Amino acid sequence: MIIRRKTRSIQVGKVAVGGNSTISVQSMTNTDTKNVQQTVAQICRLQEAGCDIVRVAVLDLEAAAAIRAIQEKISIPLIADIHFDSRLAVAAMESGADGIRINPGNLGGEEKVALVVAAAKQHRIPIRVGVNSGSIEKDLLKKHGYPTPENSAALIESAMRNVRLLEKHGYHEIKISIKSSDVLTTINSYQRLSKTTDYPLHLGVTEAGGLIAGTVKSSVALGILLSQGIGDTFRISLTRDPVEEVRVGFELLRSLKIRERGPELISCPTCGRTRIDLFTLAEEVERFVQTMESPLKVAVMGCIVNGPGEARQADIGIAGGNGVGIIFKKGEIWRKVPENELLEIFLAELKKMDDEGQKERNSAHLDKREGRREPF
Ligand code: SF4
């Protein structure tokens, strides 16, 4: 069982981060924030994938002003990501950002930090202190050396120096990230940081890479940290459509039994026994289950040797035969279908089960809201 480290709770718009709150999944848009239409369209896709909090890059005052129009069309909290320019941080907050991500040390002096803190207090907006291995102050690099798996002192001191600066100005609505592109450095840094402070921690491996390398690096680092109860929110960084970041994020949480969203898909790797086109079948089923919300267990297996065993454990599953597929539901054979009809029939049944699940969830939600009781 994972015992979550105790942290303070802060509020990012409607989403609580830290304390006993659910571990939230974040992503960041890669559109030009000034382009409201494109940015909103991408955020809507992220919302559909389950993203809890979205971050946008704010490069200039026009981008800061665009936040207001974006906020009107989205329903998840938005964080403005800002570097160097305190005016942009203030402008983003005035435009309705639910949070800002800054590195207070690179805003250009304490007076600028004071201005940003004053705006954050006025708008009641939390600040993420985000420190990366590549942005550590020169004096700390000289004192501690570049962060390594054995020595993350420079990252920790840089983050805490920035936190103290905000605290000095009376601000405590803070979360912290200390990112590195190296997995072992990330793990060591967050482990140490979690013993240093009780502010909520935003986890991430920076510049993790493409879909495969990025998923592996992020899952190893974040998986270890989350399994140790460290981390209150995170982003999986991928050189990819940000929707993939959210999907990987939820699979990571599911694998640790922390949080579930949508169906779990089990599929076999295929072998010499496979007699149907399982790759296409599994790919199409995977695409479809990403649109579903019900927490069903779905199995797509290549043969009748191991397939029926897994398929029987699932809520619904396929075991491939020679030119046919056997569909199981709740452990029982439901239908034997020719391969050319298999996908269509299977997806239709998945849709039906998802709709039924949605109806049940809606009625349970209504019962809860109206305080109805189960009949005696
Ligand atoms: S389920 Fe069957 S086809 Fe798939 S890997 Fe196992 S033995 Fe091979």
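View 1. Valine 300 stands opposite isoleucine 318 of β13, in a model that is predicted. Strand β12 (residues 297-301) runs parallel to β13, and four bridges join the two; strands are said to pair if DSSP finds at least two bridges between them. Strands here are DSSP runs of E with at least two residues, helices are runs of H or I with at least four residues, and both are numbered from the N terminus. Residues are numbered from 1 along each chain as its sequence is written. Because the model is predicted, local features need pLDDT of at least 70 and side-chain atom pairs count only at pLDDT 80 or more, while totals for chains, interfaces and linings use all residues.

View 2. Strand β14 (residues 324-329) pairs with β13 in the antiparallel sense over five bridges, and glycine 317 stands opposite phenylalanine 328 in β14. Three residues lie between the strands of this hairpin, in which glycine 323 takes a positive phi near 75°.

**View 3. An open sheet of eight strands shows parallel pairing.** The order of its strands is β8-β7-β6-β5-β4-β3-β10-β9, and the edge strands, β8 (174-179) and β9 (202-203), each pair on one side only. Within this order, β6 (residues 99-102) and β7 (residues 127-132) pair in the parallel sense over three bridges, with isoleucine 127 in β7 as the bridge partner of isoleucine 100.

**View 4. Arginine 235 lies in strand β10 (residues 233-235).** Why does arginine 235 count as buried? It does so because it has 28 C-beta neighbours inside 10 Å. Leaving aside neighbours within four places in sequence, arginine 235 is in contact with Gln26, Ser27, Met28, Gly204 and Glu245, a contact being two C-beta atoms, placed from the backbone, within 7 Å.

**View 5. Alanine 92 belongs to the residues with the most contacts inside the largest nonpolar core.** A nonpolar core is a set of buried Ala, Val, Leu, Ile, Met, Phe, Trp, Tyr and Cys residues joined through C-beta atoms within 7 Å. The largest has 73 residues. Leaving aside neighbours within four places in sequence, alanine 92 is in contact with residues including Val58, Ala64, Ile67 and Ala80. Apart from this core lies another, of 21 residues, among them Leu281, Met301, Leu342 and Leu350. In soluble globular proteins, nonpolar side chains tend to be buried together.

**View 6. Surroundings of the ligand.** The ligand is surrounded by 12 residues, of which the closest are Cys268, Cys271, Gly302, Cys303 and Asn306; a residue counts as near if its C-beta atom, placed from the backbone, lies within 6 Å. The shell around the ligand divides into six nonpolar residues, five polar and one charged, with Ala, Val, Leu, Ile, Met, Phe, Trp, Tyr, Cys and Pro counted as nonpolar, Asp, Glu, Lys and Arg as charged, and the others, Gly among them, as polar.

Terms used. A residue is buried if 20 or more other C-beta atoms lie within 10 Å of its own, exposed if 12 or fewer, and partly exposed in between; C-beta atoms are placed from the backbone.
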